[in-house]
Amino acid sequence: MPVLSNFSLLDLNTLRLPARAAQYLRIEQTAQLLALPPHQQRFIFGGGSNLVLLGDVDGLVLHVALMGRRLVTEDAEAWYVEASAGENWHDFVLWTLAQGWPGLENLVLIPGTVGATPVQNIGAYGLEAGERIHQVRAIDLDSGTERVFNQADCQFVYRNSIWKREGWHLTGKSLITSVVFRLPKAWQANCGYADVAIELAERQIQSPTAQQIAEVIIALRQRKLPDPALLPNAGSFFENPIVDADFAQKLALTHPDLPRYPQADGRVKLAAGWLIEQAGWKGRQLGPVGMYEKQALVLVNRGGACAQDLLALMAAVREDVARGFGLTLEPEPVFVGTPSPAKATPFANRMGTRPRQNS
Ligand code: NAP
């Protein structure tokens, strides 16, 4: 596979923002990583589902398309299952369930690739990928050496890891080639989230199998979240803020309905989607972009948006949440590319339009 020049990245980001890469290389074999041109700025792309392209990418985009999945070994306690970084995450989860290896079912239908799961320590419905990750294999692109990260080396915390914290996921310092998951044989259903429990009760399921939990979560996500193939988006656009307990308590005095989730370290997680909704942005648009009507945390591109449109909406939402609640929301996706001087798409009312009812 040759290096391609002036390559369109439109199909490589689920927000479908227009941008081009000066150079592009699809990585199908790890051997390709050992023959890269030296001293070149590199950017690692997986499924592009947690990515905001600010403009053209002046460097080499490495599109990770390494494929393969296998049972590495099993012992009395667990199955150890490896997937290459380019595997589609959702397909991989379904495959493990079909093999009779439960443990990843709460993470079904999260868009993206296996290689991206450790970076953000993806999580949903009370499970984080880091809880199941046994090892991560990666290549240091500067030295060409392989390194195996054990679970503790990954430094997993809420939606974060050593890759995200150090910026390795952007620079190519450490390109993840595969992930080994440890799936305990002593499986227990994890149905603590209210939506899951309610849906199971409605289906009259008292002791769900992993497959049934997967089916419930697929149904919940399809009901609430837009399919990026139909309505471009990057999943949750802001992180849930984790604040001091005192701050959360004070906020609750003026906002008695404030959802609060106490953390192990004594701090309190707030729901960014709830804050955005209260700030009036659920289902509201600014030009061609908006916050989704069924889940305010998801920023959607309704067609033809450029990065400036998205940045304008991001700023407006952050400003209103800061004014209402005294805290600053941090965006969850990574931002890549050189902003172009182009103006935002012209639109009549910069204060936004009222909610659209359906996508
Ligand atoms: P939701 O159920 O409406 O809840 C809103 C927020 O409150 C969630 O973000 C969740 O935090 C938190 N929450 C709810 N019940 C909780 C509990 N019992 N214990 C602790 N925290 C609780 O959220 P939703 O939008 O429908 O999303 C459902 C799940 O899918 C969430 O876990 C969400 O994170 C996940 N999801 C993940 C991604 C991603 O990884 N990029 C994208 C979309 C949705 P948490 O987010 O910490 O769970």
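Predicted model: local features only at pLDDT ≥ 70, side-chain atom pairs only at ≥ 80, totals over all residues.
The chain is divided into two domains, domain 1 spanning residues 4-64 and domain 2 spanning residues 233-336. The centres of domain 1 and domain 2, taken over C-alpha atoms, are separated by 29 Å. To the contact between them, domain 1 contributes 15 residues and domain 2 contributes 16 residues.

The largest nonpolar core comprises 51 residues, and Phe 238 and Ile 276 have the most contacts inside it. Helix H9 supplies the largest share of this core, namely nine residues. Because both domain 1 (4-64) and domain 2 (233-336) give residues to this core, it lies between them. With residues up to four places away in sequence left aside, Phe 238 touches Ala 272, Ile 276, Met 291, Leu 297, Met 314, Val 317, Arg 318, Leu 329, Glu 330, Pro 331 and Glu 332. Another core, of 43 residues, lies apart from the core described above; Phe 92, Phe 149, Trp 163 and Leu 200 are among its members.

Within H6, the buried residues are Ala 210, Ile 213, Ala 214, Val 216, Ile 217, Ile 218, Ala 219, Leu 220 and Arg 221. The elements covering these buried residues include helix H1 (89-98), strand S8 (123-124) and helix H5 (194-202).

In helix H7 (residues 245-254), the buried residues are Ala 248, Leu 251 and Ala 252. Viewed down the axis of H7, these buried residues fall within an arc of 105 degrees, and they therefore line one face of the helix. Such an arrangement can be set beside the geometry of an α-helix, in which residues three or four places apart point the same way because there are 3.6 residues a turn. Asp 246, Lys 250, Leu 253 and Thr 254, on the other side of H7, are exposed. The packing partners of the buried residues of H7 are strand S14 (242-243), strand S15 (260-262), strand S16 (268-270) and helix H9 (307-325).

Strand S3 (residues 42-45) is covered on both faces. Arg 42 and Ile 44 are buried on one side, and Phe 43 and Phe 45 are buried on the other. In a regular strand, side chains alternate between the two faces of the sheet. Strand S3 runs parallel to strand S5 (residues 55-64), to which four bridges join it. Phe 45 has His 63 of S5 as its bridge partner.

Backbone geometry was also considered. Most residues other than glycine have a negative phi. Asn 6, although not a glycine, has a positive phi of about 50 degrees. This residue, Asn 6, belongs to strand S1 (residues 4-8). With a relative accessibility of 49%, Asn 6 counts as partly exposed. Leu 109, also a residue other than glycine, has a positive phi near 65 degrees. Leu 109 is located in the loop between H1 and helix H2 (117-120). Its relative accessibility of 24% means that Leu 109 counts as partly exposed.

Note on methods: Residues numbered from 1 in each chain as written. Heavy atoms only, no water. Buried < 20%, exposed > 50% of the residue type's maximum accessible area, 1.4 Å probe, protein only. Helix = DSSP H or I, 4+ residues; strand = E, 2+ residues; numbered from the N terminus. Contact = heavy atoms within 4.5 Å. Arc of directions from axis to C-beta. Core = buried A, V, L, I, M, F, W, Y, C linked by side-chain atoms within 4.5 Å. Domains from an automatic or database assignment. Pairing = 2+ DSSP bridges.
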